[in-house]
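Hi,

Here is the structure I said I would pass on. Have a look at it first, and then read my notes below.

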Amino acid sequence: MDSRDKVLDKYNSKIYKNRKEHVIEIDGGEPQVIAADTRAIPGIMTNRGCCYAGCKGVVTGPLKDVVNIVHGPIGCAYYTWGTRRNKAKGDENTKDFTQYSFSTDMQETDIVFGGEKKLRQAIKEAVEIFNPECIMISSTCPVGLIGDDIHAVAAESEKLYGIKVLAFSCEGYKGVSQSGGHHIANNGLMKYIIGTGDAEPQKYSINLLGEYNIGGDGWEVERILKRIGYHVVSVMTGDGSYADLKNAHTADLNLVQCHRSINYIAEMMKTKYGMDWIKVNFIGLESIKKSLMDIATYFGDPELLARTEAVIAEELDEIEEGMAYYKSKLDGKKAAVYVGGSRTHHYINLLKYLGVDVILAGYEFGHRDDYEGRDVIPSIKIDADSKNIESITVTKDEANYKTFHTPEKIEELKAAGIPIEDYQGLWADISEGAIITDDFNHFETEEFLKLLKPDIFFSGIKDKFIVQKSGVPSRQLHSYDYSGPYAGFRGALNFAKDITMATYTPVWNMVQAPWKSEPTLVGSLGGME
Ligand code: CFM
């Protein structure tokens, strides 16, 4: 029996039937189909979050000049505040409210008699104290259950205060994971914000989508892009702002880092404004080089291409010695990588470069296209849960529609390997023999850990400590623990250093429960010791 079968064999027949579709072993033959984006089994310790977490926690929360009011009990606001490490900095033109956690703090009486009054009061206070240009309201579970009309309150407040007020019906229970919340947030930003600004278009301007500035990743990517000569109109949404987002439609090209959380905006902007998008990955040296060259090739200016090559060479030069050292320390190690919906793929290239093989991997809430590539999208079954999430249709904006290239030129660029409106998914880079578990749970994590014995385990706070207690070092790939950035050239060096430190720390060999080596109960029976 191989490892996959050994783990699945421990389930009862009902659960086995479900999980066997989600756990697969990569073998080079036929393209493999995985079950994804379906309901987790009740009672299983899944690592997923909720719809509200995807909307407020991931997409709208990082917008720094927005007062994000969480309409609900205090815990929902508190636990989506700060822990994701989406860094932001205000300046003389842009306010930064990310240091505050805004909540209506619903109590039992609000649940019984309705919470709209309290929400109106919260908006009033926020306007009086902080004077924001934009407020976003996110619903938590009880709000949906009692039927507070947050959209009506938003519309009324918008008139009353003359500012933008958006409401998101992203109750935690909607959909099967945080993925539904991404979609809801994308819809709101697209409907009410993108395209409302009047900035003048600039040369070689881009939007960076699906980059949330975790541990400063976005800042590092922006530094490189600006060095080459691009004008970054907006970043969605790490260290992003309402002020920048309004003008996103003026850019020439959308770069998509996290496909899972934001492909909706990329697609809608293509339809509405004619803007192409390309899939990029700024994690791992080979990926960064390819992404930067792809962007320059898209614009097609020889000067820009030359400048890109020069910047790549200089940036590589800076980290070369360090990377070679860490590579010599890490070569031959094995890793498990379990993240949300795109990082698992993003880190494979960097790990490979360092000589680390990914033997176990998975997503919490990826869809089939995140594993198998966008070609499978037409064949994905729409079920009741996905229908529960609104999918909006946008139409051409005649006034702002522009295309950078002719359809012929686009075909030519695609044929040259530029991933225009394309994403190949995790399958493109995962090693033969690796085990993939979709919507991974704690039971499978522990069982595979015992069988496959990776040298390092990349995951999040929910399983970090179980893994470490079993003697395997773990780094959080969601928050980077207290480190970062990991994106860009300098980020790659930070990453290599952190995982070298983790794997060479002798403490992991000393982690053993005391009762495994010495008796913890001492007693006597009938006078005998
Ligand atoms: Fe995109 Fe993300 Fe991810 Fe994600 Fe996330 Fe995250 Fe993630 Mo945690 S937006 S899908 S919902 S890359 S918070 S910054 S690390 S699970 S793999």
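Before the notes, one definition: two strands count as paired if DSSP finds at least two bridges between them. Strands β6 (residues 205-211) and β8 (residues 253-256) meet that with four bridges, in the parallel sense. One of the contacts to look up is L208, whose bridge partner in β8 is L255. Please keep in mind that this is a predicted model.

That pair belongs to an open sheet of four strands, ordered β7-β6-β8-β9, with parallel pairing. At its edges stand β7 (231-237) and β9 (276-279); each has a single partner strand, so one side of each is left without a neighbour in the sheet. On average, neighbouring strands here are turned by 25 degrees against each other, direction ignored. Helix α10 (residues 217-228) lies across β6, β7 and β8, and runs at about 160 degrees to β6.

Now to another sheet. It is open as well, with four strands in the order β3-β2-β4-β5 and parallel pairing. The edge strands are β3 (102-103) and β5 (164-168), and each of them has a single partner strand, so one side of each lacks a neighbour in the sheet. Strand β2 (residues 66-71) runs parallel to β3 and is joined to it by two bridges; I69 has F102 as its bridge partner in β3. Two helices pack on this sheet:

- Helix α6 (residues 116-130) touches β2, β3 and β4 (134-139), and its direction makes about 160 degrees with that of β2.
- Helix α9 (residues 179-192) touches β4 and β5, at about 155 degrees to the direction of β5.

Further along, have a look at β11 (residues 357-363). This strand is mostly covered, with six of its seven residues buried. Six bridges join β11 to strand β10 (residues 334-339), and the two run parallel; A335 stands opposite V358 in β11. To get from β10 to β11 the chain passes through helix α15 (residues 343-353), and this β-α-β crossover is right-handed. β11 also pairs with strand β12 (residues 435-437), again in the parallel sense, over two bridges. There, L360 stands opposite I435 in β12.

Last, the ligand. Which residues are closest to the ligand? They are R84, H182, C258, G340 and H478, out of 14 residues that surround it. By type, the shell around the ligand divides into six nonpolar, six polar and two charged residues.

Cheers

Methods: Residues are numbered from 1 along each chain as its sequence is written. This is a predicted model: local features need pLDDT of at least 70, side-chain atom pairs count only at pLDDT 80 or more; totals for chains, interfaces and linings use all residues. Side-chain values use heavy atoms; hydrogens and water are left out. Contact means heavy atoms within 4.5 Å. Axes are lines fitted to C-alpha atoms, for helices over the stretch in contact, and angles run from 0 to 180 degrees between N-to-C directions. Buried means under 20% relative accessible area, exposed over 50%, partly exposed in between (1.4 Å probe, protein chains only). A crossover is right-handed if, with the strands pointing away from the viewer, the path from the first strand over the helix to the second runs clockwise. A residue is near a molecule or strand if one of its heavy atoms lies within 4 Å of it. Ala, Val, Leu, Ile, Met, Phe, Trp, Tyr, Cys and Pro count as nonpolar, Asp, Glu, Lys and Arg as charged, and the others, Gly among them, as polar.
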